[in-house]
Structures are given as structure tokens and as C-alpha cells.
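Hi everyone, thanks for coming.

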Amino acid sequence: KDGKWLFYEGERYTFSLDEENLLIRSPAEFFSVRTESFPEYPELIKEGSISFEQLNIGQIWRLLRSDSIRSDRLKNALWSMFWHRLFFPLSSLVAAMFAFSLSQARGRSSYMKGFAFALAAVVLFFISGHLFLVLGKNNWLSPFIAGAFLPIAFTLAGVFLLYQRQ
């Protein structure tokens, strides 16, 4: 409430280390109402408890903007997923452009070859897109390249093929 956490009817323990680095728990401090200020808020905790693979782009954006992620590796993985989820919807446009431009041929067998090439290009796009995403999550590629390079490159290739077939 008002940026503060309210706890009702609880008990609080403090912990310390002894000489052998073992935890020692203090006696319970009982309270009826306690107010605390924490940087986390319920939505952030909820989003943080979801598997990162299940987060949508808005949740990823809020998580990255909250500064609650301290690990650079995890930040890079989330940025890779962010860019991937932002640009990967271009896949339907890529499929349509490749299918249309490669199926523009003369003769029946040319149509089938064009369709096969278009299908192969879309499958290559999906496989390489997920490969780039994995490379980005593991810090082998920068997040933007991992998430956005292939959709942009395949979209430009599709535009080029459409222009060439006119």
C-alpha cells in the first residue's frame, strides 16, 4: 500500500553467523502490523517467479527496466528474448514474401520448385532464428544481433526477391 509492504500477524527472525559460519536464529519477534519498504513489488515478484521462457514482451520490458536483475548474463538473455519477441513476428511476412516471389515461375514443375525453396527458406529462418536466440542467451552474440538480425535480414531478402521478380 502506497509503495510500502504491510504485514499482519506475523513473526520476524534475524539470523547471524557463529564462529563456524553456521546460521544462528534469534528468538521470534511477534507483531500484529509491520510496515516495510522493499524495492520489489508484487507484480515484479510474480513476474520473477514465472519461467523466463513464458514471459511476454511487456513483462520482459518491465523486468529489465526495474533494475532488479543483477546478473549480466541474465540481462543479456532477457534482452535477447526481448529483441527476438519484438522482431520474430516478421516471420509471417517473410514466409509470404518468399512464397510469393519464389512461386512466380513458368511451368508446373517450376511452381513446385519455388514452393519447395520457399518452404526450405522459412524452415531455415525458424531454425536459425532459434539458434541465434540460444547463442544470444549464452552470451555468444550480442542481444540485438541474436534477436533482431535474422528477421531483418530475411525480410530484406524477401523484399529483394519480390523486387527482382517484378
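Let's begin with F125, which counts as buried because its relative accessibility is 0%. Buried here means under 20% relative accessible area, exposed means over 50%, and partly exposed is in between, with a 1.4 Å probe and protein chains only.

Before we go on, a word on where this comes from. This is a predicted model, in which local features need pLDDT of at least 70 and side-chain atom pairs count only at pLDDT 80 or more, while totals for chains, interfaces and linings use all residues. Residues are numbered from 1 along each chain as its sequence is written, and side-chain values use heavy atoms, leaving out hydrogens and water.

Now, which residue forms an aromatic pair with F125? That partner is F126, and the pair is edge-to-face, at 5.8 Å centre to centre with 75° between the planes. For the terms: rings of Phe, Tyr and Trp (its six-membered ring) pair if their centres lie within 6.5 Å, and planes under 30 degrees apart count as stacked, over 60 as edge-to-face and the rest as tilted. F126 itself is partly exposed, as its relative accessibility is 34%. Across the whole structure, the search finds 15 aromatic pairs. There is also an aromatic cluster made of W61, W79, F82, W83, F87 and F144.

F125 also belongs to the largest nonpolar core, which has 11 residues, including F88, F98, F132 and L150. Such a core is a set of buried Ala, Val, Leu, Ile, Met, Phe, Trp, Tyr and Cys residues joined through side-chain atoms within 4.5 Å. Two or more residues come from each of α4 (91-102), α5 (108-137) and α6 (143-165), and α5 gives the most, with four. Helices are DSSP runs (H or I, at least four residues), numbered from the N terminus.

Next, look at F88: leaving out residues up to four places away in sequence, F88 touches F125, F126, G129, H130 and P151. Contact means heavy atoms within 4.5 Å.

Is G129 buried or exposed? G129 is buried, at a relative accessible area of 4%, and sits in helix α5. Setting aside residues up to four places away in sequence, G129 touches H84, F88, L124 and L150.

Over in helix α6 we find T155, which is buried at 14% relative accessible area. Beyond its neighbours within four places in sequence, T155 is in contact with L90, L93, V94 and M97.
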